[in-house]
Amino acid sequence: MRIVPAPRIGMAAGRPLPFALRDSSGQLLLARGVIVATEAQIAALAARGMWVSSDDADNFQRAFAAQLDGMIRSDTALGTIAGAKPDLEAFNAGATGPPTRSEDWTTLVRRNHALLREPPATGFVAQLESLRTDVSRMLHRSPDRALLALVSLAGQELDQYAAAHAVLVAALCELVAAQVRVMPVDQRQSLGLAALSMNIAMAALQNILSLQERPPDERQRAQIAGHAGQSAERLRQLGVTDELWLEAVAHHHDAVPGPLASRPIGLQLARMIQRADVFSARLSPRKNRRALSAASAAQVAYLDENKRPDEAGMELIKAIGIYPPGCLVELASGELGVVVRRGPQAGQPVAVVLIAKSGLPIGTPSVRQTHNPAFAVVRSLAPHVMKLRLSLDELLRLG
């Protein structure tokens, strides 16, 4: 793949990237469609050097040329044309790659379930690295569809809860690393591998607890309390030598508030996993408790153990929004629906309406842009509140 310097005109704060950003070696930094939140983050990327594939650069230049040609044909004033900037959202619309299907993510969850349940004596690391690569590839192909699928599956795969939960946490951490922290590729890999394997010592118990109606007994609580260190030791036995991976797993249940910069890298990764773990767990129902709404789960992740804003939690919410794809919402119009895409602002997603103001199902689901005050999100809803659901594949199509 031939790479060229990234066109600076193709980047704007709060707008999706029209091309995948790469480092000087061609490694992916940010996927196409990722939203860079601030100009300061764009400047930080520029300082380290930004590159794109020559194909992406050519496609972008052709699309911008076509945009300018359309303005000329519609007799737009020359001064307006001279100052025109690329329509980045239009450029990305409908161009996020092949459609994501529910079975795509179900397959990845099943692969992780097999690795956690019966880790092979040889080849475990290679298999988990392959899984992490596939999770990352599918996530960056279409981040919103990925979140929509994973948030939905988190509440459905109770018999494979540990695996579904781990894949969701890995995806959340990857989005934070790619969109907010601009983390080096090797650290991102350690982060993803740690998230996928963090609970290997208690995966079977996690699945049992998701279906268990009574609270954990004393023996189960003891296993929960010691599983982080036990998981790290189990991974070492399976051939893991990446110390960042092991340290992140060993400390992913630490409840230590405070800034990230003062911590070693492994503990920074651990804190990112811990916040994503807390958020994901609150979204998933158990037999003995209902799932929280997305806003309630976001608040739990956003506030640290002292009820103050948590740095890693804030980064998580910046990456996925207050109302991530897959969560249920009530709109100012009185309609109820499900979020299918993130928006330019954390609290302004794109939703598909399923229930009319009258309380009756809508025959043809309608898309609502919630940055419009008439359809602003009033509150998020816990999953049990809305009985009507579309199939995941139908939601993915609408998204």
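# Notebook: burial, salt bridges and helix packing

Entry 1. I began with Asp217, which counts as partly exposed at 27% relative accessibility. The scale I used calls a residue buried under 20% relative accessible area, exposed over 50%, and partly exposed in between, with a 1.4 Å probe and protein chains only. I note that this is a predicted model, in which local features need pLDDT of at least 70 and side-chain atom pairs count only at pLDDT 80 or more, while totals for chains, interfaces and linings use all residues. Residues are numbered from 1 along each chain as its sequence is written, and side-chain values use heavy atoms, with hydrogens and water left out.

I then looked up the partner of Asp217, and found a salt bridge with Arg214, the closest N and O atoms being 3.7 Å apart. The term stands for a side-chain nitrogen of Lys or Arg within 4 Å of a carboxyl oxygen of Asp or Glu. Arg214 is also partly exposed, with a relative accessible area of 42%.

**Entry 2. The protein as a whole.** I recorded 16 helices and nine strands. Helices (H or I, at least four residues) and strands (E, at least two) are DSSP runs, numbered from the N terminus. Of the 399 residues in the protein, 52% are buried. I took contact to mean heavy atoms within 4.5 Å. Among contacts with a separation of 6 or more, 63% are between residues 24 or more positions apart.

**Entry 3. Other salt bridges.** How many salt bridges does the structure hold? I read a total of 12. Side chains of opposite charge can pair when their charged atoms come close.

One of them joins the side chains of Glu174 and Arg188 at 2.8 Å, N to O. Glu174 belongs to helix 8 and Arg188 to helix 9, so this pair ties together parts that are 14 residues apart in sequence. Glu174 is buried, at 5% relative accessible area, and Arg188 is likewise buried, at 5%.

Another joins Asp310 to Arg271, with 2.6 Å between the closest N and O atoms. Here distant parts of the chain are linked: Asp310 sits in the loop between helix 14 (294-302) and helix 15 (311-320), Arg271 in helix 13, and 39 residues separate them. I found Asp310 buried at 1% and Arg271 buried at 3%. Through shared partners, salt bridges join Arg271, Arg275, Glu305 and Asp310 into one network.

**Entry 4. Helix 12.** Which residues of helix 12 (residues 243-250) are buried? I listed Trp245, Leu246, Ala248 and Val249. They lie on the same side of helix 12, because they cover an arc of only 165° around the axis; the arc is that of the directions from the helix axis to the C-beta atoms. An α-helix has 3.6 residues a turn, so residues three or four places apart point the same way.

These buried residues pack against helix 6 (124-141), helix 9 (185-197), helix 11 (218-237) and helix 13 (265-283). At the N-terminal end, Asp242 caps helix 12, with a side-chain oxygen 3.0 Å from the backbone nitrogen of Leu244.

**Entry 5. Nonpolar cores.** I next turned to the cores, each a set of buried Ala, Val, Leu, Ile, Met, Phe, Trp, Tyr and Cys residues joined through side-chain atoms within 4.5 Å. The largest has 87 residues, of which Trp105, Trp245, Ile273 and Phe279 touch the most other members. Helix 8 (residues 161-181) gives the largest share of this core, 14 residues. Leaving aside neighbours within four places in sequence, Phe279 is in contact with residues including Leu172, Ala294, Leu316 and Pro324. A second, separate core of 15 residues includes Leu17, Leu21, Leu30 and Phe60.

**Entry 6. Pro184 and Asp23.** Pro184 lies in the loop between helix 8 and helix 9 and is partly exposed, at 34%. In sequence, Pro184 and Asp23 are 161 residues apart, yet their C-alpha atoms are 9.7 Å apart in space. I placed Asp23 in the loop between strand 2 (21-22) and strand 3 (28-30) and found it buried at 17%. Asp23 touches Ile3, Leu29 and Trp51, not counting residues up to four places away in sequence.

**Entry 7. Cysteines.** Finally I looked for disulfides, taken as pairs of cysteine sulfur atoms within 2.5 Å, and the count came to zero. Cys173 is buried at 1%, and Cys327 is buried at 5%.

Methods
Polar contact = N/O pair within 3.5 Å; in protein donor to acceptor, adjacent residues only side chain to side chain.
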